[in-house]
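Have the viewer open and follow along.

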Amino acid sequence: MNRSPSARSLLLASALVLGACRSAPESLTLTMPETRPLHAHGEQVVVKAVALDAEGQPVEDPKLRWVSSAPDVASVDNGVVVARRSGKATIAAAAGKARATVEVQVSIPSLVDIRVDGADFLLAGNSIPISAVVKNELGKPLVDVPPTWSSSDETVAKVENGRLVGVAPGRTTVTATVPPLSRTLQVQVVRSDFARMEVDPTHLVFVKPGQVLQLRARTFNNRSIAVTDVPVTWFSSDWSVATVSPTGQVTAVGPGRTVVTATAGRRKAAAEVVFEVKTAGR
């Protein structure tokens, strides 16, 4: 059947109008590909939008309008969300009367701290718990951002299954990394047969303030054989009487009595030194 040009134009216009009506979204749904927060500045994620018409059929290319409630936290452009700083933002999209929102959380690591006790004196063959605390810019701990552990010398010490393992005597640096952040820890591993220590001499007497005398710590294994490379820490019970350096040099400060102790790790291998500080007139 032949139709006039005006009739064909009318039918085409009617089809376009009906097509436009069928493609008008009646409902809109937004979903994130993952529920986790965004953890890096500039990290991008594409929000999935599903638009349905009145008959529940998908609407292709619904020409959505996008907006973020906090563009300084997370901006959005044509459904692509970009992390800016830690916080929360509501991403909204609209097409005609259809509206939908989805919440985006941004949590960017800003601090990494290593938690361990005894890394400066770890016996070879032993292990101790080690962990890293990661916090965002708001100071909130991040539990879903595990660090990557590394050791500058795994023949000395390494991290395995949440424990710092002493392999052999020596020194190494352990690093916890959460890009772009990292935190380092100095580790010293000592021989496993370290058993006891002595301090020589066991008594010091000063005659004037400022006088310096040397204490020496000797370390032994479980067969009473002297061993080396065992780290020793020195303490004075009263720093107003005398101070002690990391190498065991004791300096008189004022009259009195104090105790200088050399310790090595957590073992009860500490030796005590008692001395009196005397002025020249006493």
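Let's start with an open sheet of three strands, ordered β17-β20-β21 with antiparallel pairing. The edges are taken by β17 (194-200) and β21 (226-227); each has a single partner strand, so one side of each is left without a neighbour in the sheet. Strands here are DSSP runs of E with at least two residues, helices are runs of H or I with at least four, and both are numbered from the N terminus. Two strands count as paired if DSSP finds at least two bridges between them. Strand β20 (residues 216-221) meets β21 through two bridges, in the antiparallel sense. Within that pairing, F220 sits opposite A226 of β21.

Some housekeeping before going on. This is a predicted model, where local features need pLDDT of at least 70 and side-chain atom pairs count only at pLDDT 80 or more, while totals for chains, interfaces and linings use all residues. Residues are numbered from 1 along each chain as its sequence is written, and side-chain values use heavy atoms, with hydrogens and water left out.

## The chain as a whole

Zooming out, the protein chain has 26 strands and one helix. Of its 282 residues, 37% are buried, where buried means under 20% relative accessible area, exposed means over 50%, and partly exposed is in between (1.4 Å probe, protein chains only). Among contacts (heavy atoms within 4.5 Å) with a separation of 6 or more, 53% link residues 24 or more positions apart.

## The largest nonpolar core

Which residues touch the most other members of the largest nonpolar core? They are W66, V81, V104 and V106, out of 26 residues in that core. Two or more residues each come from β1 (27-31), β5 (74-77), β6, β7 and β8 (98-106), and β8 contributes the most, with five. A core of this kind is a set of buried Ala, Val, Leu, Ile, Met, Phe, Trp, Tyr and Cys residues joined through side-chain atoms within 4.5 Å. Leaving out residues up to four places away in sequence, V104 touches M32, L38, A74, V81, G87, K88, A89 and I91.

W66 also shows up on the covered face of β4, together with S68, while R65 and V67 make up the uncovered face. β4 runs antiparallel to β7, joined by four bridges, and S68 has I91 as its bridge partner there.

## S86, tucked into a loop

Is S86 buried or exposed? It's buried, at 3% relative accessible area, even though S86 belongs to the loop between β6 (80-83) and β7 (87-95). Its side chain makes a polar contact with the side chain of E137 at 2.6 Å. A polar atom of the S86 side chain also lies 2.9 Å from the backbone nitrogen of I108. For polar contacts, the rule is a pair of N or O atoms within 3.5 Å; within protein, one must be able to donate a hydrogen and the other to accept it, and residues adjacent in sequence count only if both atoms are side-chain atoms. Setting aside neighbours within four places in sequence, the contacts of S86 include V73, V106 and N136.

Most residues other than glycine have a negative phi, and most peptide bonds are trans. Here are some exceptions:

| Site | Backbone feature |
|---|---|
| K63 | positive phi, near 55° |
| S224 | positive phi, about 65° |
| P179 and P180 | cis peptide bond, omega about 5° |
| D200 and P201 | cis peptide bond, omega about -5° |

K63 lies in the loop between β3 and β4 and is exposed at 59% relative accessibility. P62 is in that loop too, between β3 (48-52) and β4 (65-68), but P62 is partly exposed at 23%. Beyond residues up to four places away, P62 touches P25, A51 and A95. S224, in the loop between β20 and β21, is partly exposed at 45%.
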